[in-house]
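Look at the structure first, then read on.

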Amino acid sequence: MTKKTGEIPESEILRQSDICAQIAEINAALPKMPLAMIDTYGCQQNEADSEILRGYAGMMGFGFTDKPEDADLIIVNTCAIREHAEMRVLGNVGALRHIKAKNPNLKVAVCGCMVQQEHMANKLKRSFRVVDIAFGPHELWRFPELYKKSIESGERIFENSPSDGAIAEGMPVIRQDNIRAWISIMYGCNNFCTYCVVPHVRGRERSRKSADILAEAKKLIQEGYREITLLGQNVNSYGRDLDENIDFSGLIRMINEIPGEFLIRFMTSHPRDAGDKLFLAMAECEKCAKHLHLPVQSGSSRILKEMNRHYDRNQYLDLIKKARALMPDIVLTTDIIVGFPGETEEDFSETLSLVAEVRYDAMFTFIFSPRVGTKAYDMTDDTPKEVKKERFERLLTAVNGISAEKHAAYIGTEQKVLIDGIDKQDDTVLTARTEGGRLVRLKGGQESLIGSFAYAKITGSNTWALSGELM
């Protein structure tokens with residue numbers, strides 16, 4: 001039986017708003033507006049969490065800066081998926097001591113998945129005195145309260161108690177742009193893949209009520225947002241803990257009925273729960289992007305079993321066939337881990353052959369990173385680093401070759417694109433994305449077109465992007 005999801009009472013969220021108003025009054029009396037900097041690492045869910053932190057900071061009377069030396073509040077929102085991300089965070093947090101030496105009133109907060117790990121929270125407490133506030137993902141809604149406690153007591157505040165989390169509605173949000181928006185539809189994960197720390201740091205699956213999601217989506221579309229991305233660690237299991245008769249495919253169909261011109265995207269989709277119902281909803285809903293990110297992680301059924309993925313190679317390939325039967329032009333992307341404990345050359349060869357058979361448009365590839373608390377952390381891993389790196393390079397070569405071929409096939413076609421910005425290397429070029437998420441660099445467009453849909457003729461390509469002209 002699925003555990004019913006808990007909810008943070010509305011009175012508690014209102015109490016946080018009252019605290020924001022108290023802090024805003026204090027900040028308004030300062031000689032100049034204090035500035036906050038939000039430094040985000042990791043996945044789209046962390047980006048969405050940072051938008052809430054930005055919302056709270058705005059309510060507390062802070063302006064915003066990208067320069068740590070100008071900030072009076074620095075919030076570092078962390079990721080725990082791989083060791084490299086943790087090391088980057090620790091290095092950057094440690095460097096803040098020089099800035100704090102010049103500005104003793106600076107408050108440094110570290111939050112997110114890394115803090116939810118007890119050993120990392122202890123490391124921050126013991127070795128990083130620059131950190132004033134640290135809290136895990138479950139305490140995000142309490143940030144104003146934790147900040148107030150820190151400034152009033154002068155003490156360091158650490159909050160990362162074990163929890164499966166609860167749903168908090170009504171928190172403020174300041175989004176990074178007015179074109180694309182994230183909507184978190186659920187939090188946590190029940191799958192416990194042996195390599196993944198997410199269930200340990202973000203808790204078990206809990207879904208937001210469909211009415212709350214629809215209200216947020218309608219508001220965003222009325223405000224002119226052109227792309228809505230539904231977020232969850234496994235969006236396909238959405239709704240199982242709710243008292244309403246709704247699943248993820250039903251949610252897509254409901255959002256598709258909202259008036260307006262916009263695209264629906266989603267991530268991430270776990271293969272164990274993907275199938276005909278989802279693919280049919282994607283095919284039939286004209287506003288749903290025909291792009292499926294379906295992480296396979298390995299092409300070896302033996303390794304998939306060791307990973308606790310709940311599907312094998314043939315079952316995964318069957319899903320790809322079903323998706324392409326309904327959507328022949330679907331764009332497929334995936335995640336793959338190289339060097340999982342016990343991976344042999346034969347296992348890796350099966351991954352390469354699966355990549356060659358599916359022919360992904362793009363992939364996110366990683367070398368296995370052991371995470372404390374996961375089952376894979378204690379598995380025997382006797383494959384030399386040099387071998388893992390060599391396999392990783394072979395995989396990159398394979399996928400880059402396929403991507404280049406697939407991108408070349410766009411040349412001469414007309415594509416509907418969402419124009420989203422100006423190229424950082426050439427301010428005479430606009431950037432855009434196809435429905436399948438392919439980057440397009442456009443010549444001859446005006447800045448006023450940013451945020452609008454248009455048609456482009458594709459004139460060139462490389463491994464990573466397309467180029468074209470507005471029609």
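How much space lies in the largest cavity? About 170 Å³.

## About the model

This is a predicted model, in which local features need pLDDT of at least 70, side-chain atom pairs count only at pLDDT 80 or more, and totals for chains, interfaces and linings use all residues. Residues are numbered from 1 along each chain as its sequence is written, and side-chain values use heavy atoms, without hydrogens and water.

## Cavities

A cavity is a set of points, on a 1 Å grid over the protein atoms alone, where a 1.4 Å probe fits but cannot get out. Volume is the space filled by probe spheres set on the points, which are joined across faces, edges and corners. Three cavities of 30 Å³ or more are counted by this rule.

The largest cavity has 14 lining residues, each with an atom within 4 Å of a point. Pro-137, Leu-140, Ala-166, Tyr-187 and Arg-206 lie nearest its centre. Nine of the lining residues are nonpolar, two polar and three charged. Here Ala, Val, Leu, Ile, Met, Phe, Trp, Tyr, Cys and Pro count as nonpolar, Asp, Glu, Lys and Arg as charged, and the others, Gly among them, as polar.

## The second largest pocket

A pocket is an open set of points with protein on both sides within 12 Å along at least five of seven lines. The second largest pocket holds about 480 Å³ of space. It is lined by 22 residues, and Met-171, Val-173, Arg-175, Arg-208 and Glu-216 are the closest to its centre. Helix 2 (44-59), strand 7 (180-184) and helix 8 (210-222) each give two or more residues to this lining. Helices (H or I, at least four residues) and strands (E, at least two) are DSSP runs, numbered from the N terminus. The pocket lining divides into ten nonpolar, three polar and nine charged residues.

## Aromatic pairs

There are six aromatic pairs in the structure. Rings of Phe, Tyr and Trp (its six-membered ring) pair if their centres lie within 6.5 Å; planes under 30 degrees apart are stacked, over 60 edge-to-face, the rest tilted. The ring centres of Phe-62 and Tyr-147 are 6.0 Å apart and their planes lie at 85°, so this pair is edge-to-face. Phe-62 is in the loop between helix 2 and strand 2 (63-64) and Tyr-147 is in helix 6 (residues 143-153), so the pair ties together parts 85 residues apart in sequence. Phe-62, Phe-135, Phe-143 and Tyr-147 form one aromatic cluster.
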